[in-house]
Amino acid sequence: MAIIDVTISQLSESVAEATLLNWKKSPGDAVAEDEILFEIETDKVVFDVPSPSAGILFEILVGDGGTVAPNQVLARIDSEGKPPATASPELKKAETPPLTAAAKSEGGIAMPSAAKLMAETGLSLSQIEGTGRHGRVTKGDVIQAIAAGAEPAAPPPAPAPKLKQVETRPEPSLMTDRPEQRVPMTRLRARIAERLLQSQATNAILTTFNEVDMHAIIELRNRYKVAFEKEHGVKLGFMSFFVKATVHALRKYPVLNASVEEKDIIYHGYFDIGIAVSSPRGLVVPILRNVDQMAIADIERKIADYSTKATLGTLSLEELTGGTFSISNGGVFGSMLSTPIINPPQSAILGVHATKERAIVENGQIVIRPMNYLAMSYDHRIIDGKEAVLGLAAIKDALEDPARLLLDL
């Protein structure tokens, strides 16, 4: 007997523990190397943990819902073990599941996690180039194909409810006759609550507002959106303009891009912008790093990639860590106005809202314009009202006259 311990590596600098959601195997089951054993949920992401070796799952030390820490032994595998000789053919077949139709191709093999994701999205192996060992298709290859716009070869099956993507909610039938149901917060939801309270308790939050006439950006987008998508393979949206306008303002007023560490102000010489994205598990904020060096197409492509990963629950810890400023777009849900909460340790956040046609006065005449209310919440401990107001005005000016972004005005 050769026993191999199953552990998880260091989660991240800010994550000390996680929750083991559910085991995919039971003691005595045969496992293949790299086959998914269980799912782990941190306060940021959910990820699969593969088997470090082929063999027999000898012992499970932490059950479903247990709290786990880095390098803790969670299970043991007998790498020399073999399935019982008395096992029926049906059992042996279940222990080594056949590839789905989405994972079969001449000379091609998909890893179990990749095959699962392909089945969920309706993609076929012929649409994906494998980068794994011996050309195997990995989960990352499937995610990359989805981000590149691969269309399903067949309609994907309706996804089964999964704990890692859906936070438990009361059933509608339970909302009558005054019943109650107690459900635990997910680790992500608990972390969101903790950080929001921390932000309110430690920052002197103040919010300033302005309005922006979006007709210049809308005309620019309408004029070039077809050519842009043809050239770059990604749709031209509005968020990339907000990101570019934000960086333009942060260059002018660096304190908006700073953070507080004890009694020091840390001025960041780089621009890592967090983009708030809604996912089935809650709000997540993946980071666009060095966004000042990114073209409009790069920003749109990265945002689309993050949106896909947020929906699938495949964002990595690295993609969610850091950031010097954040943008929250409540407008996609119809929000007209809000006061966004700062994401610690950052010192400011921009809130974008729904663009609506309104009657405004322009050169003494009443005209109809597509208007958007912008809100900037900032930490008044280090950011004065003047800098916040002028910073938001700089974003407004860049959006109303996009040539400023080209000319750096």
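The following dialogue explains how several descriptions of this predicted model were reached.

Colleague: How many helices and strands does the protein have?

Modeller: The protein has nine helices and 21 strands, where helices (H or I, at least four residues) and strands (E, at least two) are DSSP runs numbered from the N terminus.

Colleague: Why are α3 and α7 called oblique to each other?

Modeller: The axes of α3 (residues 139-147) and α7 (residues 296-312) come within 9 Å and cross at roughly 125 degrees. Axes are lines fitted to C-alpha atoms, for helices over the stretch in contact, with angles from 0 to 180 degrees between N-to-C directions. Angles under 35 degrees count as roughly parallel, over 145 as roughly antiparallel, 65 to 115 as roughly perpendicular and the rest as oblique. The two helices are therefore oblique.

Colleague: Which residues make that contact?

Modeller: I143, I146 and A147 of α3 meet D305, T308, K309 and L312 of α7, contact meaning heavy atoms within 4.5 Å.

Colleague: Why is V62 called buried?

Modeller: Buried means under 20% relative accessible area, exposed over 50% and partly exposed in between (1.4 Å probe, protein chains only). V62 has a relative accessible area of 9%, so V62 is buried. This residue lies in the loop between β6 (55-60) and β7 (67-68). Leaving aside neighbours within four places in sequence, V62 contacts L20, W23, V68, Q72 and L74. The C-alpha atoms of V62 and L74 are 5.4 Å apart, although twelve residues separate them along the chain.

Colleague: What makes a set of residues a nonpolar core?

Modeller: Such a core consists of buried Ala, Val, Leu, Ile, Met, Phe, Trp, Tyr and Cys residues joined through side-chain atoms within 4.5 Å. The largest one has 48 residues, and those with the most contacts inside it are V291, I327, L374, I395 and L399. The largest share of this core, eight residues, comes from α6. A second, separate core of 16 residues includes V6, V31, V68 and A75.

Colleague: Which residues does L399 touch?

Modeller: Not counting residues up to four places away in sequence, L399 touches V212, A216, I217, F241, F242, A245 and L374.

Note on methods. Residues numbered from 1 in each chain as written. Predicted model: local features only at pLDDT ≥ 70, side-chain atom pairs only at ≥ 80, totals over all residues. Heavy atoms only, no water.
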